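Here is a short tour for a reader new to this structure. Please have the sequence and the 3D view open as you read.

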Amino acid sequence: MTEPLSFELSRPNAPSPRLPDADVSAPGPADLLPRDFLRTHPPDLPRLSEPEIMRHYSRLASLNYSISENFYPLGSCTMKYNPVANEAAAALPGYAGIHPYQDEDSVQGALELMWRLEQALSAVVGVDRVTLQPAAGAHGEWTALRMIQAYHRSRGDSRTEVLVPDSAHGTNPASAALSGFHVVEVKSGADGRISLADLESKLSSRTAALMLTNPNTLGLFEREILDIAELVHATGAMLYYDGANLNAFMGICRPGDMGFDAVHMNLHKTFTTPHGGGGPGAGPVGVKAELEPFLPTPTVERSNGHFELNYKRPRSIGRVRSFYGNFGMLVRAYTYIVAMGGDGLRQASEDAVLSANYLRKLVGEDLEMPHEGPCMHEFVASARNLSHDGVRALDIAKALLDREFYAPTVYFPLVVPEAIMVEPTETESKATLDSFARAIKEIVAEARSNPQALHDEPQKLPVGRLDEVAAARQINAYLQGSSDDPVLRWKRPSNEPC
Amino acid sequence: MPYLVHSPEDRAAMLETVGVQSMEDLLVDIPRSLRMESLDLPRGLSELETMAEISSLAARNRVYPDRLTFRGGGVYRRFIPAAVAAVTSKPEFYTAYTPYQAEASQGTLQAIYEFQTLIAELTALDVANASLYDGATAVAEAAMMAHVHTGRDEVLVAGYVHPEYVEVLRTFSDGRGIKVRTGSEPSQKTAAVIFQQPDFLGLLVDARALTAAAHDAGALAIACVDPISLAILAPPGEYGADIAVGEGQQLGLAASFGGPHVGFIACRKDLVRKLPGRLIGAAHDAQGRRGFVLALAAREQHIRREKATSNICTNHSLCALAASVYMTYMGPEGLRQVAEVSFKRAHALAERLTALPGWELAFPEGQFLNEFPVRVPRSPAVLRKLARKGILGGLDVHRWFRQLKGVLTFTCTEVNDPRALDELVAALEA
């Protein structure tokens, strides 16, 4: 089943919604504004009645896989259950209905929630202060790098390089480049962990920071983290923690204790705020005391039981977002933390690690495991063992979709050929993990007996594999002026009336 | 424990399958010196207790009714059709991830493709992206595009652009060695002229003249626009702006203390390859069925890494979905009605406010839509008085602009019914 676009469903004479009249005597825009300020043709928005609109979106919803219905073992993305109580909390009028420019006295509850969330996150990652302003993980990374840059500059030290492991998330080098740094790649060793020798050879007085996630993107804990921290700090550089993998060790250990100076967190991963089909998220950044002066403005401060926004921060990097961040997501994350408590967060991480190791063991019967275990909260398998059958990681991913599982992350990290990165999370039952492992077993058997069938999957979804190459060609043609079809948007056929 | 699924028996069975004795055997790679006994946080609570605590904090915030809220400054009260929440609260939408596996994500992909089309239509530009975080980062991202496109290192902020947007622009620019200048005269060094229509005070700027000045200097014109205003005002594409950006909160999103909302960005087609963030395109499968995919991904961080056009990964899809439902619900006539009712009520209010002794328009020559600056005697006392009567009065903009002492901006939309205007004026006269 596919669903037409709202624009295609649109009918020229569909009734428009009933809205209040102005009920005041005042001139309209055409009476007062200069003619060349006015719009001449109305925007070509769809015209649909409410019943049609609701059915359209219900049908679209039915085309999606989501955690609510499917196991979503997307490595590095921590797709765990999104508690419905979080949604109820964020919808409370006391949160959803407050204006960002109300007087501080009238939003004490909101400021206190932000302050308490900062305390809780500081306790989880082991830092002195946290800014809640960044809107997403990548935004947090960039915020942290800007602070590190400001720190070095404040000491008259113009450091120009940021080191990033070859297994890092793509956002790391992108965030570093956008902060004005030159990116230097550090190699992984044969055991999947950062190569200390390579790191040492690349550290210099030009190094501003090393960006690291731990456990790394292979799901392996960097055992030599304390040595790494010492090496980095010895050159005067800072250590940055990419919090994508924080779900591995809440209550077990803390990045701050490992020597990380700045730590970003994804509330939409570790702290159960929903991903929304690609956001909104929230990417708070925690820092040690030496970076505190550079935190974005405003910070939330408590004095004599009163909460206030502090804008007097002369060394701050400035604002990174309007207002105070994605407040609604902060409410959800804080609600989760209160419900789980310190004991619950620790159990969540333990269960995440246990589930990953359990699934790794089961899947290891059918796919290659390029690195030795145990893993932490996720593992990376390789479909290399199927290459002589002409079957690739992508085929496994698509075949899983036909079996009602969302696919793991594939072809990442880049250091593993035919990578299949699986993160089960703590909110999937043993029975679900068992059925996923059975599906992998079936698919691998099919790869051996009938590989062509796998190339044709998925068959049971609204569409089969989409030809992205042809789409890219058409976009090129449009951008170069040789086609009228923009591909990136719907366009009314020229012979059709609005 | 809430939200956890394993029983002690499950855990024991799983450990046995893995072939280890205890959890400790799985954590052997963590140096002993780093291990914690426990987390320094209170123990978890039942849902009942959790919600009691969260609700008690919420109760310490004062919620002004929509109809008695006259404060805007970038976040506005508008009528939000029930359809919006009914759609965004569908778990198939809100619990899905970024649509990497297109075949299993057609709902999200198509909804965002519709969003891109809606924004492109509204701004009359060629292509819009899948969303950005907010209006402020959208301005900053547009400036970065202009910097890359022109190879120039300065951006010019013309007039009263939202001060927080300018602050964010400065933070972005500092990292990349770009200078942010204020004024209205671009030079040969200027990558872009950035203006807001209507501006932060609610006044209309001469977008055509600013765009022409930018182009004369070889710079791009970046228009930061109010999406609802585009039902009335000439859209950026019509007067030749190269990039349009803006904040989409008014398209069906709650105030929520400033977020999450949604930024949007649209541009001319020759700039599309420099657009930040996600883009959805149409594609076909082997049977010729149309579907939607992440397109032009080669611009993005997960492919291009340090050479990407931006670092954006997670954007604001669900907020973009809300905006799409809102725009689809309204249609062209509904959107125009909302904009016109707001216009008329704001003008009626301006007339009544400036009839109060000592109250005057701060810019008597200025045209506005639904937000306007008034010079008010003893403005702090006025706002306190209104608050006592349960009214959220205008925004004191002196906080950002020294020259605007005593100036409040009042905003009026379709939610401020005529009786609410009466109540506001009566409270001021009392």
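This is a predicted model. Begin in chain A, at a proline in a loop. Pro413(A) sits in the loop between strand S11 (409–410) and strand S12 (419–422) of chain A. The peptide bond that leads from Phe412(A) into Pro413(A) is cis, and its omega is near -5°. Chain A has another cis bond to point out, from Asn214(A) to Pro215(A), with omega near -5°. Pro215(A) belongs to the loop between S4 and helix H10 (225–234) of chain A.

**Backbone angles to look at**

Most peptide bonds are trans, and most residues other than glycine have a negative phi. The table lists places that depart from this pattern.

| Site | Feature | Value |
|---|---|---|
| Asn214(A) to Pro215(A) | cis peptide bond | omega near -5° |
| Phe412(A) to Pro413(A) | cis peptide bond | omega near -5° |
| Phe323(A) | positive phi, not a glycine | phi near 60° |
| Phe257(B) | positive phi, not a glycine | phi about 55° |

Phe323(A) is found in the loop between strand S9 (306–310) and H12 of chain A. Is Phe323(A) buried or exposed? Phe323(A) counts as buried, because it has 23 C-beta neighbours inside 10 Å. In chain B, Phe257(B) occupies the loop between strand S6 (243–247) and strand S7 (263–267). Phe257(B) has 29 C-beta neighbours inside 10 Å, so it counts as buried.

**A buried helix in chain A**

Now turn to helix H8 (residues 171–178) of chain A, which holds Ser175(A). H8(A) is mostly covered, with 8 of its 8 residues buried. Among them are Thr171(A), Asn172(A), Pro173(A) and Leu178(A). What do the buried residues of H8(A) pack against? Within chain A, their partners are helix H7 (137–154), strand S2 (161–165), strand S3 (182–186) and strand S4 (207–212). From chain B come helix H7 (163–175) and helix H10 (301–304).

Ser175(A) shows this packing at the level of one residue. It is buried because 36 other C-beta atoms lie within 10 Å. Leaving aside residues up to four places away in sequence, Ser175(A) touches Ala138(A), Glu141(A), Trp142(A), Leu145(A) and Asn311(B). Ala120(A) is 55 residues from Ser175(A) in sequence, and their C-alpha atoms are 26 Å apart in space. Just after H8(A), Gly180(A) has a positive phi of about 95°.

**Two helices side by side**

Next, find helix H12 (residues 327–363) and helix H14 (residues 430–449) of chain A. They pack at an angle of about 25°, and their axes are 9 Å apart. Angles under 35 degrees count as roughly parallel, so H12(A) is roughly parallel to H14(A). The crossing of H12(A) and H14(A) is right-handed. On the H12(A) side, the contact is made by Ser355(A), Tyr358(A), Leu359(A), Leu362(A) and Val363(A). H14(A) brings Leu433(A), Phe436(A), Ala437(A) and Ile440(A). By class, the residues of this contact are 8 nonpolar and 1 polar, with no charged ones.

**Domains**

Chain A is assigned domain 1 (6–62) and domain 2 (85–340). Their C-alpha centres are 42 Å apart. Chain B also has two assigned domains, domain 1 (66–79 + 331–429) and domain 2 (83–323). Here the C-alpha centres lie 28 Å apart.

In chain B, 22 residues of domain 1 are in contact with 17 residues of domain 2. Two elements give two or more residues to the domain 1 side, helix H11 (317–353) and strand S11 (371–375) of chain B. The largest share, 6 residues, comes from H11(B). That side has 13 nonpolar, 4 polar and 5 charged residues.

Chain B has 13 helices and 13 strands. Its C-alpha trace spans about 80 × 55 × 50 Å along the principal axes. Of its 430 residues, 63% count as buried. Among contacts in chain B with a separation of 6 or more, 72% join residues 24 or more positions apart.

How many residues of chain B are in contact with chain A? The count is 165, and they meet 174 residues of chain A. H11(B) gives the most to the chain B side, with 23 residues. By class, that side has 83 nonpolar, 46 polar and 36 charged residues.

Notes:
Residues numbered from 1 in each chain as written. Chains lettered and ligands numbered in written order. Predicted model: local features only at pLDDT ≥ 70, side-chain atom pairs only at ≥ 80, totals over all residues. Axes fitted to C-alpha atoms, helices over the stretch in contact; angles between N-to-C directions. Helix = DSSP H or I, 4+ residues; strand = E, 2+ residues; numbered from the N terminus. Parallel < 35°, antiparallel > 145°, perpendicular 65-115°, else oblique. Left-handed = near helix turned anticlockwise from the far one by under 90°. Contact = placed C-beta atoms within 7 Å. Nonpolar A, V, L, I, M, F, W, Y, C, P; charged D, E, K, R; others polar. Domains from an automatic or database assignment. Buried ≥ 20, exposed ≤ 12 C-beta atoms within 10 Å, placed from the backbone.
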